Amino acid sequence: MEFDKTHEMFRDSLRDYLETEIAPDVQKLDKQEMTKEEAVGYLRDLRKLGIGFDKETAQDYFGDLSYYVIGSEEIARVWPSLNVMLNMSFPAMFANWASEETRDALGDKLEKGEAIGALGVTEPGSGSHSSKPNTVARKDGDEYVINGEKTWVSNAQICDLTMIVAWDEENDAQDMFIVDQENSPFDTRKLDKLGWKGSPTGQMFFDDVRVPEDNKLSNAIRNLILEHGDLAEALPFPNEMVDLFLSHKPLNAIFSFMRTGMAAMAVGIQQAAYEDALEYTTDRETFGKPIAQHQLVQNRLYKMKANVETSRLLTHEAVEKLSNADEESRMYSSLAKGYACDKSVETARHGVELYGGNGLSTDYPLERYYRDAQTMTIPDGTEEIMKLIVGYEMTDLSAYA
């Protein structure tokens with residue numbers, strides 16, 4: 001993947017914002033979950049930089065996935081929690097083509113890119129198994145009645161809408177449904193976790209929640225095609241990626257997109273840990289010389305640098321495959337997610353140990369990098385699931401059971 005001057009200008013502007021507005025206070029900001037008001041404020045700031053989910057901004061940001069991978073890496077390098085809130089709001093894009101009731105309820109929030117979204121996949125009893133969800137959607141007239149529960153949902157408590165995976169009883173198949181809090185209110189409960197402390201996470205409870213039939217994703221896609229004749233004209237993604245969305249199960253295509261972003265996030269965390277460790281080891285002295293002059297310290301720095309660069313190259317290859325709807329897109333996104341997230345834990349651990357006792361202190365960022373890195377290994381598919389997906393894509397043999 002090659003970046004041109006426009007990409008570099010975007011990266012420089014984003015990095016300047018992050019270093020100026022976020023980095024000085026990030027240790028304090030990350031101690032508690034951001035509020036909805038704070039999240040909307042960040043969305044406004046990022047939209048000015050060309051990152052957002054309103055139709056105009058999304059067309060540019062997601063129309064070239066180079067911007068997406070740059071944004072994910074740069075934001076995660078400073079504050080992964082902010083990137084989680086941002087990227088997990090992507091279902092707001094699909095709300096632009098949901099029912100009139102949902103579009104009216106969200107109103108200016110959609111137009112201004114200030115609608116906070118969420119994606120509900122994981123359930124208490126299913127974990128990584130999402131092919132047959134226990135959450136069900138029953139057709140009743142021109143509505144669907146949804147019952148079920150989702151857990152470990154980013155943005156759960158602050159979202160304006162969520163897109164959930166449910167079993168469509170009428171068609172006896174998995175589908176996704178857009179549920180907005182205004183017309184179809186649902187309950188949530190906060191969950192605490194190891195890392196990503198600034199990112200709200202919770203459970204969602206659906207008890208006879210009614211949504212219009214056009215809020216079923218397959219219906220929304222059908223309506224889009226009828227209206228535009230070509231789905232690629234409506235969705236803010238490269239045409240090739242839209243083809244991937246149509247040729248694969250939509251959830252698989254969405255996961256390929258999300259996992260590539262997760263890999264980029266893992267690269268950003270690694271980059272931060274490496275930069276801090278390099279600065280610390282060249283400044284701190286023992287026995288009359290910088291600790292970076294000791295052989296075993298240089299060995300750790302070598303491993304950190306190698307992890308960062310190999311993870312970045314693999315992530316860029318995954319983005320290239322995804323942008324071109326390559327038949328290996330699913331394999332490479334899973335490979336990049338699994339590898340980069342695993343190496344982010346290793347890289348952050350090296351950083352903690354190079355800092356010595358200070359690496360355990362909450363006054364320094366290394367312990368936060370380590371917690372955030374460890375949190376990367378589970379959402380959007382555990383490392384073990386990534387290995388099974390890659391194995392299946394290589395052999396065409398399933399080892400899930």
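What share of the contacts in the protein between residues at least 6 apart in sequence join residues at least 24 apart? I looked it up, and the share is 75%. Contact here means heavy atoms within 4.5 Å.

A note to myself on ground rules. This is a predicted model, where local features need pLDDT of at least 70 and side-chain atom pairs count only at pLDDT 80 or more, while totals for chains, interfaces and linings use all residues. Residues are numbered from 1 along each chain as its sequence is written, and side-chain values use heavy atoms, with hydrogens and water left out.

**Whole chain**

I went through the secondary structure and found 16 helices and nine strands. These are DSSP runs numbered from the N terminus, with helices being H or I over at least four residues and strands being E over at least two. Next I checked the radius of gyration: it is 21 Å, close to the 21 Å from the globule rule for 401 residues, so the protein is as compact as a globular protein of that length. For the record, that radius is taken over C-alpha atoms, and the globule rule is 2.2 Å times the number of residues to the power 0.38. Along the principal axes, the C-alpha atoms fill a box of roughly 80 × 50 × 45 Å.

How much of the protein is buried? Of the 401 residues, 56% are. I use buried for under 20% relative accessible area, exposed for over 50%, and partly exposed for in between (1.4 Å probe, protein chains only). The accessible surface comes to about 17600 Å², and carbon and sulfur atoms own 46% of it. That area comes from the Shrake-Rupley method with a 1.4 Å probe, and for residues only the protein chains shown count as cover.

**The core**

Which residues touch the most other members of the largest nonpolar core? They are F90 and M163, in a core of 109 residues. Helix 12 (residues 250–283) gives the most to this core, at 16 residues. A nonpolar core is a set of buried Ala, Val, Leu, Ile, Met, Phe, Trp, Tyr and Cys residues joined through side-chain atoms within 4.5 Å. Nonpolar side chains tend to be buried together in soluble globular proteins. I then listed the contacts of F90, skipping neighbours within four places in sequence, and got F53, L119, M163, I254 and M258.

**Helix residues**

R330 sits in helix 14 (residues 329–355). Is R330 buried or exposed? R330 counts as buried because its relative accessibility is 15%. Leaving out neighbours within four places in sequence, R330 contacts N252, S256, I389, Y392, E393 and Y400.

Y370 belongs to helix 15 (residues 366–376) and is partly exposed at 30% relative accessibility. Not counting residues up to four places away in sequence, Y370 touches V345, A348, R349 and V352. I also took the C-alpha separation of Y370 and T347, which are 23 residues apart along the chain, and it is 8.4 Å.

E37 is in helix 3 (residues 36–48) and is exposed at 62% relative accessibility. E37 and I158 are 121 residues apart along the chain, with 8.9 Å between their C-alpha atoms.

**Positive phi**

Most residues other than glycine have a negative phi. I found D208 with a phi near 55°, a positive value; D208 lies in strand 7 (residues 201–212) and is partly exposed at 48%. D396 has a positive phi too, near 60°. D396 lies in the segment after helix 16, and it counts as exposed because its relative accessibility is 59%.

Where is A399? A399 is in the segment after helix 16 (383–395), partly exposed with a relative accessible area of 49%. From A399 to Y274 I get 36 Å, C-alpha to C-alpha, across 125 residues of sequence.
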